[in-house]
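Hi there,

Here is the structure I promised to pass on. Have a look at it first, and then read my notes below.

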Amino acid sequence: MSVMVLIGAQWGDEGKGKATDLWGSQVQWVVRYQGGNNAGHTVVLPDGQKFALHLIPSGILSAGTNNVIGNGVVIDPGVLLKELAGLEERGVDTSRLFISADAHLIMPYHVAIDKVTERFLGNSKIGTTGRGIGPAYQDKVARLGVRVQDLLDPSILAQKVEAALHIKNQILVKIYNRKALDPAQIVEEVLAQAEGFKHRIADTRLELAKAAERGDNILLEGSQGTLLDVDHGTYPFVTSSNPTSGGATIGSGLGPTRIDSVVGILKAYTTRVGSGPFPTELEDEWGEYLRQTGGEVGVTTGRLRRCGWFDAVIARYASRVNGITDYFLTKLDVLSSLKEVPVCVAYDVDGVRFDEMPMTQSDIHHAKPIYELLPGWSEDISGARTFEDLPKNAQDYVRRLEVLSGSRISAIGVGPGRDQTIVLHEVFG
Ligand code: IMP
């Protein structure tokens, strides 16, 4: 048996859906442990069908796999129902989706506050997805949150919504000049929505412990990425949860000693959505080239992603803070037909070289990439299925990234399709 954590090693959107899809057939459980519908996973099935998942683990597309939305996730009930309906319409069996009773709910006031706060911040805005993620996590920590289990006790639900709105309405009306929200209406709406998924509520912490004890393979799937982690990311331009591997134990209830491997998903170049520092960002035609060739448009928001060359400082940092055992390198095909491929090996911060992530945010904001130029390749690699199928320069690029990143590369993505993957080492089992 094996418990694997899968995390984004950069700023998210590294192609985690492809990895969960690849390993989904080998696992009995896929678990989301943080975030909410700010995430977006695209999975392309062999028949060409494309699925964009936001909240539901991508293991739902593998027959027979159990899927868990863990306690660390924040759930928008309306989004959950819509996503379930969309999958069912296309013939996907959703009966194996279980939802933690301890997960928190994103309420309509969280979405409203997310949007007005961003507007209020003006130039200092985070560039959130506007889905209410931050305000829902704020309420969780402030002990004002509404949990999935509250849907099973309408009077408790009403009390909690009323308590939360008592403060929120003052903020909405007095600070943001918005209309007050009606607690009774919200409770009625949420209870009606709960009818559609109540039967899925479970003690997922216990079920996962039993599964691990039985020897099931379990995949704990992180959303977003290392640099968007509220503790380890480019704070304050981060999300409000812990996408790093440590978050997997908190957000699922499986103890740290249960984890056997941590796989980092690493894009062959770098992207970021929203505000915040991004040392290798390209604001020229090369950025546009990567955006066009890589199809770098947000799955959740439709926003154009900021693009840049591969940043090994970040990869080393991700290896360190997540304890990465293996990397899955994605989108290598996007770099085909470049004469030379720059790779950032260190930063220059006001004349001082940094081989590791600077300690302070000010230094990260001043970081200028120091590049090493690697020879490119012109061949189409989308049909490569073994490492040897890759042109020599592409092989050298991968090997160089491996050395610079500090963890072995065990899989390489050469296209969006399910079969367009080169496996170098088996990571499960
Ligand atoms: P929030 O998670 O909506 O609060 O947004 C906080 C920051 O995280 C913003 O910069 C978002 O663009 C970014 N973010 C959230 N989810 C994702 C994701 O799945 N991929 C990439 N960026 C994300």
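**Cysteines, ligand and strands**

Let's begin with a cysteine: Cys344 is buried, with a relative accessible area of 0%. Please keep in mind that this is a predicted model.

To count as one here, the two sulfur atoms must lie within 2.5 Å. The closest cysteine sulfur to that of Cys344 is in Cys307, and because it is 16 Å away, it is too far for a bond. Cys307 is buried too, with a relative accessible area of 0%. The count of disulfides comes to zero.

Now for the ligand. Around it are 15 residues, of which Asp13, Asn38, Thr129, Thr239 and Arg303 come nearest. This shell is made up of six nonpolar, seven polar and two charged residues.

- The side chain of Thr129 has an N or O atom 2.6 Å from an oxygen atom of the ligand.
- In the side chain of Asp13, an N or O atom is 3.1 Å from a ligand nitrogen atom.
- For Gln224, a polar side-chain atom lies 3.2 Å from a nitrogen atom of the ligand.

On its own the ligand has 460 Å² of accessible area, and the protein covers 96% of that.

Finally, the strands. E7 (residues 97-100) pairs with E5 (residues 66-69) in the parallel sense over three bridges, and Leu97 is the bridge partner of Asn67. E7 also runs parallel to E9 (residues 201-202), joined by two bridges; here Ile99 is partnered with Ile201.

Happy exploring!

Methods: Residues are numbered from 1 along each chain as its sequence is written. This is a predicted model: local features need pLDDT of at least 70, side-chain atom pairs count only at pLDDT 80 or more; totals for chains, interfaces and linings use all residues. Side-chain values use heavy atoms; hydrogens and water are left out. Buried means under 20% relative accessible area, exposed over 50%, partly exposed in between (1.4 Å probe, protein chains only). Two strands pair if DSSP finds at least two bridges between them. Helices (H or I, at least four residues) and strands (E, at least two) are DSSP runs, numbered from the N terminus. A residue is near a molecule or strand if one of its heavy atoms lies within 4 Å of it. A polar contact is a pair of N or O atoms within 3.5 Å; within protein, one must be able to donate a hydrogen and the other to accept it, and residues adjacent in sequence count only if both atoms are side-chain atoms. Accessible areas come from the Shrake-Rupley method with a 1.4 Å probe; for residues, only the protein chains shown count as cover. Ala, Val, Leu, Ile, Met, Phe, Trp, Tyr, Cys and Pro count as nonpolar, Asp, Glu, Lys and Arg as charged, and the others, Gly among them, as polar.
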